[in-house]
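Please examine the sequence and the structure shown below. The paragraphs that follow begin with a single residue and then widen the view.

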Amino acid sequence: MTLVWLILIPLIGGLLSWRAERMSSAAPRVVALASMGLALSISLWLWATQDFSVTGAGFSAAAGAPQWTMEFRAAWTPALGASFHLGLDGLSLLMVVLTNLLGVMAIACSWRDIGRRPGFFHLNLLFNLAGVVGVFLALDLLLFFFFWETMLVPMYLMIAMWGYDAPRGKSRTDAAMKFFIYTQASGLLMLISIIALAFVHYDATGVISFDYHDLLGTPMTNSVEWLLMLGFFIAFAVKMPIVPLHGWLPDAHTNAPVGGSVDLAGILLKTAAYGLLRFGIPLFPHASLDIAPLAMWLGVAGVVYGAVIAFAQTDMKRLVAYTSVSHMGFVVIGIYAGNEQALYGVVVQMIAHGLSAGALFILCGEIHERLQTRDLRNMGGLWTRLSNLPPILLFFALATLGLPGLGNFVGEFLILSGTFVVAPMVTVAASTGLVFAVAYALIMVQRALHGPLQGAVANATPDFVDLSRRELSMMFVLIALLLGLGLYPQPVIDAARAPVQAFDAHATHAETVRAGPVLDLGVGLGATTGGSQ
Amino acid sequence: MNEQSVALLPLVVTTATIVVAMLAIAIKRDHRLIAGITIVGLNAALLSLAPGLPIVEAHAVVVTNLMTVDGTAQFAMALILVTTLGVLTMCPPYFDGYGGHREELYLLLGVGTLGALTLACASHAATLLLGLELLSLPMVGAVAYQIDRPRSIEGGVKYLILSAGASATLLFGLALIFAESGALDVGALAGAIAGAGLGSPIVTVGAAMLLAGLAFKLSFVPFHQWTPDVYEAAPLPITAFLSTVVKLGAFVIALRLLHAGVGSASPLIVTAIVVLALASMLVGSVLALRQTNLKRLLAYSSIANFGYLAVVLAVPGVEAVRAAGVYLVAYLITSLGVFGVMTVVSSPMARRDREEIDEYRSLFWYRPDLAGILIAMLLSLAGIPLTAGFVGKLAIIGAGVQAAQWWLVGGVALASAIGVYYYLRVINALLVSVDMTPDQATVRFGGLYRATAIMLLLVTFATVLLGVYPQPLFALGRYLAFP
């Protein structure tokens with residue numbers, strides 16, 4: 001029942017804060033913050049008290065029914081064989097904690113950003129977060145799809161109603177629509193795959209079911225497995241995003257309100273990676289094995305392309321948006337490398353990227369609030385005017401470029417060293433992304449903070465103030481977490497151990513079942529498992 | 001009463017309602033009285049379904065060889081009556097300000113409903129045609145109701161000519177099949193159509209003509225050209241009736257004639273249906289993209305939506321019929337909601353309907369309640385989860401996947417993706433913030449609008465509830481497939 005509450009609290013909080021708008025414009029924010037705070041404490045309490053090491057057979061169909069630290073099941077639509085089935089293991093827990101944490105941040109950073117109808121904004125934000133938590137917990141494929149799509153409409157409304165119209169760029173409604181159509185169209189492919197998978201299972205067993213446990217290990221022919229896998233893969237590839245399906249992301253970010261950007265980059269993109277780890281690969285192990293080389297190279301393309309394009313941006317928010325493409329490229333590589341070490345890297349990278357990109361988007365919002373522009377050509381010399389914001393921006397820029405001692409470094413290092421065992425060429429190519437990262441991170445710092453006082457910074461009004469206490473405390477929390485993740489990532493790795501090991505075993509199992517030409521290339525999911533520890 | 005009369009009670013009560021309303025008009029013209037009589041009468045007709053339920057649960061009731069009341073008929077009758085009642089809640093406030101005779105409209109709607117009910121029970125070519133004409137002809141009058149406006153007349157005449165042409169084609173088709181098989185019974189006709197093939201050219205031609213006639217009534221592409229014009233010309237409640245009850249009645253008979261049930265269908269007919277369905281969903285969606293008139297957009301959207309529904313005609317088996325039931329319920333609820341909001345927003349008959357998308361700009365900021373309902377309904381039409389529309393689409397895709405009709409499934413996915421764009425265009429317009437003009441804040445719920453408001457609340461509640469918890473929808477859909 002705790003799991004249900006994790007979803008219900010944001011839903012109820014959203015409704016309450018919507019109604020609270022009638023009292024005052026601050027009331028919705030307080031209500032929303034309180035409910036996300038409550039959800040965060042519950043998830044942290046779960047982390048502290050529950051045992052996440054027993055999740056031994058998380059993915060492996062061969063090793064009997066999957067085990068979950070916590071599980072909840074209730075009837076939902078028996079006519080379709082769909083049940084309200086939730087489960088929590090270490091991986092979902094980490095993602096839920098990240099969601100709730102960044103949810104708190106998204107509310108805190110929108111404190112002054114949202115003028116009109118704050119209640120309805122927070123309704124959307126919290127409904128979106130509820131959908132995300134649902135995605136991380138759902139163990140029924142139809143339920144998973146419901147939550148997957150639940151994230152969509154609130155995000156669309158947030159961008160369309162409270163976003164910015166980019167100067168000389170797309171209007172916010174266009175950006176919102178683009179986001180919606182990309183995700184919805186790819187989601188439909190996944191829906192078809194889900195239904196088809198259920199029917200394949202029905203043909204084999206005579207039982208109609210959408211349950212994850214039932215559908216794992218469904219026997220099917222190669223071509224069917226490929227087609228169904230592609231439905232999932234494309235949906236996740238759009239959301240992740242994997243180049244060339246990333247077209248919606250820069251526009252959505254540029255036009256979204258700050259809170260929406262934090263939500264989008266920090267949390268929404270992670271649902272795709274989680275979906276691949278939980279559903280996309282375990283349900284279709286052989287086809288995933290086949291597509292692994294391609295997917296890893298697409299990941300490399302994302303790493304390099306995102307970094308190069310980011311370097312060319314003049315809009316600060318757009319720059320950060322493209323760094324997300326680059327960072328999520330590493331996640332793709334790690335997932336399809338599939339050995340234990342790379343997967344730990346994936347988990348750490350997802351969390352570190354959530355924190356650092358979230359922080360950078362918040363900083364973009366704060367700069368925009370003060371200068372009324374995000375154009376880097378129109379900035380310069382910020383450091384001479386402010387004393388707190390610039391060093392913090394520098395810190396997160398360094399985190400983004402993967403400075404050792406910060407979370408992103410741990411993630412990227414683990415991914416690259418894990419991948420090297422399976423696909424050395426991929427690793428070499430992806431490593432260039434680290435060099436580009438230095439370039440885009442430093443150019444942003446240099447243009448915004450250093451140099452002579454000029455542009456909007458020089459013209460800023462005298463009441464141009466430094467970070468408020470609210471903003472500072474948000475930043476310090478994020479700094480502390482990134483440092484913690486960089487210096488002592490062990491708690492995260494411990495929590496992720498059981499699911500990662502099970503995933504690894506599952507992938508290896510798929511490989512031994514199907515020994516084919518793929519093995520000869522030495523590239524594939526968990527082709528070598530010796531790289532861990 | 002014997003069980004035949006009990007089973008036919010809804011038709012009897014509806015007929016009585018029409019007669020009473022007509023006499024009341026003869027005695028005293030009173031808009032609200034006539035509206036009240038019609039609404040009470042149709043509610044009674046809905047209730048009179050209840051005594052027949054246990055009888056039909058046991059076995060289908062055959063009334064002479066003209067009509068059969070089975071599960072399908074009862075399910076369709078319930079849907080027809082509920083939807084008509086929904087449409088009727090929109091009529092009083094809408095027509096209250098109309099200068100001409102307002103009362104006859106309810107007669108026309110009543111007769112149309114009777115036609116739809118007849119179609120639902122028809123088991124003979126005679127009742128089939130009778131029902132079809134009872135359903136179509138009053139609509140000619142209803143579309144052209146505002147006879148002082150050229151646009152109405154044009155719409156009415158267009159509907160009259162094309163509808164008569166379609167009926168004639170259908171009749172010719174029936175005659176050809178009769179010539180070959182000697183059957184006029186719907187079941188036997190369906191059997192003959194299922195056997196259509198290159199070996200029996202007369203039946204095949206007959207089946208093709210029959211399919212064309214029905215395709216016109218259901219506005220499948222390429223028989224769809226009348227739809228946007230007529231939808232645009234008709235008063236809003238009539239547009240609602242055209243896109244719900246009229247299509248529902250025609251679809252039920254199409255299901256009886258063309259769906260193979262548990263048997264095997266004629267490959268030729270299935271191919272024809274697949275082509276019609278694909279063309280409808282794709283052409284409907286693509287043509288909707290550039291519309292600036294909401295009524296025309298909804299016309300194209302209904303073409304696309306019936307394209308999705310046509311998938312079940314190409315899929316044999318009871319499961320597919322159940323999917324049709326699920327989809328129909330979701331579609332009817334959603335359409336009522338959309339047209340209900342439009343009716344409330346439109347100034348009642350004072351001038352033309354509010355139908356340009358631009359006239360809905362920033363509705364969200366001054367009437368969040370109406371805009372919220374409209375957004376929910378449009379999302380449901382687009383098939384976004386957490387709405388009933390998604391469940392309907394899920395059922396349709398399920399049916400298509402089960403029969404491995406990959407072209408159709410792909411078409412549904414593609415058309416839905418295109419559909420998201422034009423529905424979002426409307427939603428975007430609702431969300432745009434501009435300064436409001438004085439007349440924009442005038443509409444208030446109250447007086448005659450109260451019934452519409454209650455209908456809208458019920459419909460919204462149903463859309464969301466069935467979207468979150470679809471089990472009842474599937475339980476209901478089962479009845480369409482009842483033998």
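Leaving aside residues up to four places away in sequence, Leu264(A) touches Met155(A), Ala252(A), His253(A) and Ala256(A); two residues are in contact if their C-beta atoms, placed from the backbone, lie within 7 Å. Leu264(A) belongs to helix H11 of chain A. Helices (H or I, at least four residues) and strands (E, at least two) are DSSP runs, numbered from the N terminus. Leu264(A) has 26 C-beta neighbours inside 10 Å and therefore counts as buried. A residue is buried if 20 or more other C-beta atoms lie within 10 Å of its own, exposed if 12 or fewer, and partly exposed in between, with the C-beta atoms placed from the backbone. Between Leu264(A) and Tyr164(A) there are 15 Å in space, C-alpha to C-alpha, and the two are 100 residues apart in sequence.

Some conventions should be stated here. This is a predicted model, in which local features need pLDDT of at least 70 and side-chain atom pairs count only at pLDDT 80 or more, while totals for chains, interfaces and linings use all residues. Residues are numbered from 1 along each chain as its sequence is written, and chains are lettered from A and ligands numbered from 1 in the order in which they are written.

How confident is the predictor in chain A? The mean pLDDT of chain A is 85, and 91% of its residues reach 70 or more; pLDDT is the predictor's confidence in each residue, from 0 to 100. Over residues 56-62 of chain A the pLDDT is below 50, and this stretch has 26 contacts in the model beyond near neighbours in sequence. Residues 526-533 of chain A also have pLDDT under 50, and the model gives them 24 contacts beyond four places in sequence. Where pLDDT is low, the predicted coordinates should not be read in detail.

Chain A can next be considered by domain. Its domain assignment gives domain 1 (1-283) and domain 2 (285-533), the bounds coming from an automatic or database domain assignment. The C-alpha centres of these two domains of chain A lie 21 Å apart. Their contact takes 51 residues from domain 1 of chain A and 46 residues from domain 2 of chain A. On the side of domain 1 that touches domain 2, the elements giving two or more residues are helix H3 (90-109), helix H9 (222-239), helix H10 (248-255) and helix H11 (258-283) of chain A. H11(A) supplies the largest share of that side, 14 residues. By residue type, this side of domain 1 of chain A divides into 33 nonpolar, 13 polar and five charged. Here Ala, Val, Leu, Ile, Met, Phe, Trp, Tyr, Cys and Pro count as nonpolar, Asp, Glu, Lys and Arg as charged, and the others, Gly among them, as polar.

Chain B contains 20 helices and two strands. Its radius of gyration is 21 Å, close to the 23 Å that the globule rule gives for 483 residues, so chain B is as compact as a globular protein of that length. The radius is taken over C-alpha atoms, and the globule rule is 2.2 Å times the number of residues to the power 0.38. Of the 483 residues of chain B, 61% count as buried.

Where do chains A and B meet? The contact takes 21 residues from chain B and 24 residues from chain A. Helix H17 (388-402), helix H18 (406-431) and helix H20 (471-477) of chain B each supply at least two residues of the side of chain B that touches chain A. H18(B) gives the most to that side, with nine residues. The residues on this side of chain B are 16 nonpolar, five polar and no charged.

Finally, the backbone deserves attention. Most residues other than glycine have a negative phi, and most peptide bonds are trans. A cis peptide bond joins Val243(A) and Pro244(A), with omega about 10°, and Pro244(A) lies in the loop between H9 and H10 of chain A. In chain B, the peptide bond from Val221(B) to Pro222(B) is cis, with omega near 10°. Gln372(A), although not a glycine, has a positive phi of about 60°; Gln372(A) is exposed, with 12 other C-beta atoms within 10 Å.
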